Amino acid sequence: MQKYSILWADDEIELLKPHILFLEKKGYEITPVNSGADALDEFQKKHYDIIFLDENMPGMTGIETLTQMKATNPNVPVIMITKSEEEHIMEDAIGAKIADYLIKPLNPHQILLSVKKILDNKRLVSEKTNLGYQQDFRNLAMAFGEHMDYEEWVEIYKKLIYWELEIESTDSKGMSEVLEMQKSEANTNFVKFIRENYEDWLNDPDIDRPVLSHQLMKKKVFPMLKEEETVFFILIDNLRYDQWRIIEPLIMEHFNVVEDSAYYSILPTTTAYSRNAIFSGMTPLDMSKYHPDIWSEEGDDEGKNLNEEEFLRRQLKKNNLDIKFSYNKIITQAQGRSVFEQADNLYNNQFNALVYNFVDMLSHARTDMNMIRELMPDESAFRSLTRSWFMHSPLFDLLKKISEKPVKVVLTTDHGTIFVKRPFKIIGDRSVNTNLRYKQGKNLSYQDDKILVASRPERFHLPKVNVSTSYVFAIEDYFFAYPNNFNYYVNYYKDTFQHGGVSLEEMILPFVVLKPKNA
């Protein structure tokens, strides 16, 4: 065990000898002093892993000693010890960023617990986390072999994310590799599940199925509009479930989470299809049939997301919701600030839809910019950058502002994204779309079965540009690559974030309902 050194300052240090001997028997090295001035002298001479300070020492008090120590080394953990339970003393100590606070008379086991909590916390948490995952590993592996329904797949995915975030916080590389293999196995089995069930979800009205993109508004959001509160529907493009978990603690400072559920994205898992399905309340096939004036065909990428507000207006009308609503798409910081500054006007609407594009832009930027690749080499870094963006975003400012009012907030996304690693060769003519996770065309050529094929697009409720049009979807962590310049293509796109295909990350999406804590 590592030998930790502790500096203990107390004007009655002799009376604490039994506690010092107890800690020394446990393997800690204690340096006792009887004043704040002596503590500062010792503090300057050598490194200490932890400091005990008596709050009420004559001369230089514990708080004064703490302040000077923190000015020299702001990261040193300090435990404040006092006879007093006065609230202002506790607040002063906590405000000075102490690690813990103990009240005399001291109990040796109480002291040991405090020390272990600070010094051995990471090791103990790591050991406990690894043991917990090892115990759950078998349960997860057995579940893959069983016939699971869509709700059970959501729970499996949530559990995998839970362990991923727990293990990530422990820096346990060995366990991370084991979990990565189990996630891959989960995706293999999830693809089988989608193969067996997806067409039936779309075509059999009598089967049990999850809420899909085109049903989200009618089934989950519109019922809220019958209540009196203003509803803010906030869609963060490309927000995966793990990214929601990363920003959740920040949001929970201001909101209570009243629903934390999931829905399934339609295929292709791209903005053009899944987000338009949300705002129109229709599948892509029905959009092309009933709204040809605002539906854009494949190859018209820029125009595919210009009509979300009109789709929403028509969907509200179809559902007899004659309400005042707003729609805002935020791509730049300036647009975000503008919405924030107009927040007071939004309370006059019963429904406010806001689309934030940053996370989607971040995933695409990783492909195009070497600097972003360096900043975001893996999924952990992707999560970290998402959290950093959110902390400093106009969206977080808006959420903090509207948390002062009696509103309801829905936070969701249109699709997720996956870190692609394996290329899959496909051949198509010039009319084939450029997305790396799905292809649509009339002359697609491929071998092997590492894809999901929609040879009859109408069964997937997808429009056909030509009579012989088919769609193929990449599965797991594959991405499509053309044989021409294959190696260049693979090197450029391998280890990038892509969407459009079939995976847990792309299809199982967060749907969160929030209510302000202090409104």
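Are Tyr-157 and Tyr-241 buried or exposed? In this predicted model, Tyr-157 is buried, and Tyr-241 is buried too.

A pair of aromatic rings is described by the distance of the centres and the angle of the planes. Searching the whole structure gives 34 aromatic pairs. In one of them, the ring centres of Tyr-157 and Tyr-241 lie 6.4 Å apart and the planes meet at 80°, so the pair is edge-to-face. This pair links distant parts of the chain, since Tyr-157 belongs to helix H7 (residues 150-168) and Tyr-241 to helix H10 (residues 241-251), 84 residues apart. Another edge-to-face pair is formed by Phe-193 and Trp-201, with 5.6 Å from centre to centre and 65° between the planes. Phe-193 has a relative accessible area of 6%, which is under the 20% cut-off, so Phe-193 is buried. Trp-201, at 3%, is buried as well.

The charged end of Arg-337 sits over the ring of Phe-340, at 4.9 Å from the ring centre. For Lys-400, the charged end sits over the ring of Phe-396, and here the distance to the ring centre is 4.4 Å.

At the N-terminal end, H7 is capped by Asp-149, whose side-chain oxygen lies 3.1 Å from the backbone nitrogen of Glu-151. The buried residues of H7 include Trp-153, Tyr-157, Leu-160, Ile-161 and Glu-164. An α-helix has 3.6 residues a turn, so residues three or four places apart point the same way.

E17 pairs with strand E12 (residues 422-427) in the parallel sense, over four bridges. Opposite Phe-480 in E17 stands Phe-424.

Finally, the view widens to the whole protein chain. Its secondary structure comes to 21 helices and 19 strands, and its C-alpha atoms fill a box of roughly 90 × 55 × 45 Å along the principal axes. Of the 519 residues in the chain, 55% are buried. Among contacts with a separation of 6 or more, 73% come from residues 24 or more positions apart.

Conventions:
Residues are numbered from 1 along each chain as its sequence is written. This is a predicted model: local features need pLDDT of at least 70, side-chain atom pairs count only at pLDDT 80 or more; totals for chains, interfaces and linings use all residues. Side-chain values use heavy atoms; hydrogens and water are left out. Rings of Phe, Tyr and Trp (its six-membered ring) pair if their centres lie within 6.5 Å; planes under 30 degrees apart count as stacked, over 60 as edge-to-face and the rest as tilted. Helices (H or I, at least four residues) and strands (E, at least two) are DSSP runs, numbered from the N terminus. Buried means under 20% relative accessible area, exposed over 50%, partly exposed in between (1.4 Å probe, protein chains only). A charge sits over a ring if NZ of Lys or CZ of Arg is within 6 Å of the ring centre and within 35 degrees of the ring normal. Two strands pair if DSSP finds at least two bridges between them. A polar contact is a pair of N or O atoms within 3.5 Å; within protein, one must be able to donate a hydrogen and the other to accept it, and residues adjacent in sequence count only if both atoms are side-chain atoms. Contact means heavy atoms within 4.5 Å.
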